[in-house]
Amino acid sequence: MLVPAKAAETPLELEQYKYKFKNFKHKGIKYTTTSLTQDEIGAIWIGTQNGLIRFDGYDKTIIKNISGNVNSLSSNYIGSLDVDNYGNIWVGTNNGLNIVNVSNSKVFRAGTYHKSLQPLDKGYINAIHSAPNGNIWIGTDDGLFIYFFDSSKLVKVKSHQNDPFALQENRIVGINTDEENYVLTEKSVYKIHDNFNAEKILSFEEKTGATTSLQAFLVTEDSIYLGTTNSGLYRYSLAEKSVFKSEKGPKDNDIRSIKKDKNGTIWVASTNGLLLFKKGEEEVLHLTMKNHQYRGLDTDYLTSVFVDKENLVWIGSHDTGVYLYSPNNSHIATIPVMGELIPGGARTIAMTVGKSDEVWLGGKEAIIKLDFQKGKMTAFSEPDEFKSSITYGLAFDHKRNKVYSTTKKGITIFDTVKKEFSSFIPFDKYKGAYGIHIDGQDQLWVGSNSSDGISVFNLITGALIKYIPAQRTYSFYEIEKYMMAFTTNGLYIINKDNFSLTVHKPGTKDNISHSSTTGGLIDSRGQFWVASSGGLNLHVGDSILENKYKHYSEADGFSSSVMTGPIEDEEHFLWIPTSRGLNRFSPTTGKVKVLGESQGAAESYFIGAYVKLQNGTLLFNGGQTGITAIEASQVFWGEGNYSPFISEIHSNIQNINEERKLALSVASSNFYSPEDMHYRYRLEGFDKEFTQVNSSRRNINYTNLPPGEYTLAIQASSYNSQWSEPIVYSFKISPYFYETNVFKFLIFGLFVGLFYFSYRIRLKMLKDSNQKLEAAVKKRTKKIQEQKLALENMAITDQLTGLNNRHFLEAHIETIWEQTKRRFSEDSQSGIAVYIVDLDHFKQVNDKYGHDVGDFVLKEFARLLKSVCRSSDYIIRWGGEEFIILSPYTNIIETKKLVVRITQVIRKHKFKYSDEQFISMTCSTGFYCYPGNEQSCGVTFSQALSYADEALYAIKNFSRDGWLGIEMINTPVENSSDLKVYFNNMEGLEEHSDVKFCSSI
């Protein structure tokens, strides 16, 4: 039966798709943004119409006006920002100038900062610019001011309407002093000379006849770009002294901000989208919400542009916060598979190449064609009888111009010439197909989605030629007379002449690394590569049938050992899609480069969904993220050496001598993909090795530090980099008087003196004196031992909650773990449960009620944990609102009972912090039962903790106020992050056979 297809089209604009923006509305940054800047350590400061925001990539701090408080901002309406040479943030508002001390967030009104700045305590501050010599230029409604740091003097540049050497307008809206000193007013552009005389170099109305107002400008080597309120963009040529109106983009644009990035691209923010001028005006793009809604830009009303130290471009907007773009990703495009083209939205897994580089995608209830030559994307809707929620595989019949697809319903044929759908016989009998391939003999190879084997059909008649028993088959690859079938039960090598079968499975160390194989290829050097869930395999056997391979995995630099592909580019590099981004591998050097989300790649990729076009462009299917298109030879492989910094404005490093504790968190200059970052730190004088943490646990906590000199070193790393140069903070903890050598010497001297005096005076009573002295010595020795024991207990005790801390865990976990192994060998029902319990939304308690109430909640939470746990359980405060519970001598039944008790007790408890006021809280828990089975006896505590942490991260992302546990792992998991693939469907966790889960969901 032939059924005509319904088609829907949309433009396919590859250049547009290279611009992918990240927004931070999920971080609560959604106000109208007027200006942005970056401080010396790397944090971004965002000026809005509702206060000032400091953002470190993870968390924000809001500084606002407080009525009646002169130590707060003079107004919440921020108009301009810049950073001086001392790291202070200068903040211009509609009610005067403010200066913010970055190190402690103290706000100074202008006159409070220095009395010479009192004239700027009131009025509109429209522009602030920190000059290279350190002076601050300030543009107001009342003229231009310059603050000289060396003399602490404020000078107003003269203004007079009839003076040719003065500013002839008072309202200053823009300043640029990078090379020469330029000032923008609503009507003119002035150059300010060293003697502070003003030279009008452009009267806009006289030159153009336009009566519109100027409000933004950019000075380049040969031009000044001018933004108007309602007449678009103009360019003033410094050489020709002529004004040219830009014909690119809407001509009535309201231009709000103009900036130039380090690649020379000019970014123009307007109320009708974003204009990009590359190479002058040769290449111009107009990005709007309509053509960028799938890449993060969801408003046209843009208000500001800022380029940070890493060349990331920040875009401010009206009411929707800020957006971020990395110009380094310009050779990587994300092609959205438009949801409106497909009923129910887009869901693509399969991909293949047809005629003239037309790319075909298998979508939800549709077949999609990407025509790059014509710049069109077309979706052909499947008829009702063929509709399926997912397409697993595609194959293009180049002889007959037909696309064969495998779905949950069977095998569908689409005639690309007649635009008709039909079924491949027998359609109703062959369901659940997955991998598909058309060989050179007009044979159709089809692999099942379960354990229904591999079927070989005659492509013309539909007759079944051969059936081969096999597990799920992902894809096929043809090598001369052999067909390679990549299955979940090994690599099947099938002789196409007689259908004899050879299977490669793991066994010895030289065999293929994993039974789940996903794809392979013969490269340009004739080498055969196989991707699997256990890494990349290079065949080194004498015959293709010999099961002998060299292995590559995460240990060799890959971001994940769960791989698909590979595919070879024009420079003979292999590209391997993985469960954590794209990897480029050099077969000659063995070096790996990782392309993560920060470079524009998707988080993970589908098996077999990748193609190479004739021009060398590589396409990879990232699912809901879209199609990743890569100009492989042009990809920017920057080292990504992002610098770390302490993220809190208020760190306690300066006060540590009094508190004897260190508590802070870290961030880095990688704002585009902070979740990819890893950090490590070491407190020299205390730690022997570095402690490594990821982006979800950035806290550094030390308590009860003994006296001494310390140096805290912090480093950052991303997928593409080595560890950064450390930032270093040194401090000293002085001893209390009773800890000094003087005090100890005095005590010792007193003790000896008393002994000698007693000996001389009471010589005749030697026996009695000796007895008393012996008693005194024992008593004193006992007291000293008790004091020593108390000090040792303090070092392993959390001072707020009274629980054990991480140092206690580090000191005892090896013994606890070894005892558990021995008990399990004697009693397979006896193990240990590792819980990570996290208070939900605890940060909101600190923000809303203050840290005193937050401390009370933590102490009460600790008390509740003690009340529900056994006396044999270990309860450790891990850091912040995270607690670890080790429950030995237990089994999975008791493990579940305990986590249910904890969840219910916290949910029902009223945290009463005053006589009449209380807070209700919930908690989320992730746990892992060790060892669960004999296969998992080799799991270390660190691995067990990371399994529990992944479970906690998943339940918090899904719902909070619940728990998720890993009962048993049947198939070894090399990296805890690989568990993420199971959490994509939280409600279907119990369906997995290789990992057994349990949860409150």
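**Cis prolines**

Proline 931 sits in the loop between β71 (923-930) and α12 (941-958), where strands (E, at least two residues) and helices (H or I, at least four) are DSSP runs numbered from the N terminus. Before going on, note that this is a predicted model, with local features needing pLDDT of at least 70, side-chain atom pairs counting only at pLDDT 80 or more, and totals for chains, interfaces and linings using all residues. Numbering runs from 1 along each chain as its sequence is written, and side-chain values use heavy atoms, leaving out hydrogens and water.

*Exercise 1.* Find what kind of peptide bond joins tyrosine 930 and proline 931, then do likewise for glycine 565 and proline 566.

- Step 1: For tyrosine 930 to proline 931, omega is about -10 degrees, a cis bond.
- Step 2: From glycine 565 to proline 566, omega is near 0 degrees, so that bond is cis too.
- Step 3: Proline 566 belongs to the loop between β51 (549-552) and β52 (567-568).
- Step 4: For context, most peptide bonds are trans.

**Positive phi**

*Exercise 2.* Work out where glutamate 480 lies and whether it is buried or exposed.

- Step 1: Look in the loop between β44 (473-479) and β45 (482-487).
- Step 2: Phi of glutamate 480 is positive, about 55 degrees, though this is no glycine.
- Step 3: Its relative accessibility is 73%, so glutamate 480 counts as exposed (buried is under 20% relative accessible area, exposed over 50%, partly exposed in between; 1.4 Å probe, protein chains only).
- Step 4: Now try serine 152, with phi near 55 degrees and a relative accessible area of 22%, hence partly exposed.

**A helix pair**

*Exercise 3.* Describe how the axes of α10 (residues 851-868) and α11 (residues 892-908) cross.

- Step 1: The two axes come within 10 Å and cross at roughly 140 degrees; axes are lines fitted to C-alpha atoms, for helices over the stretch in contact, with angles from 0 to 180 degrees between N-to-C directions.
- Step 2: α10 and α11 are therefore oblique to each other (under 35 degrees is roughly parallel, over 145 roughly antiparallel, 65 to 115 roughly perpendicular, the rest oblique).
- Step 3: Phe861, Leu864, Leu865 and Val868 of α10 make the contact with Leu898, Arg901, Ile902, Val905 and Ile906 of α11, contact meaning heavy atoms within 4.5 Å.
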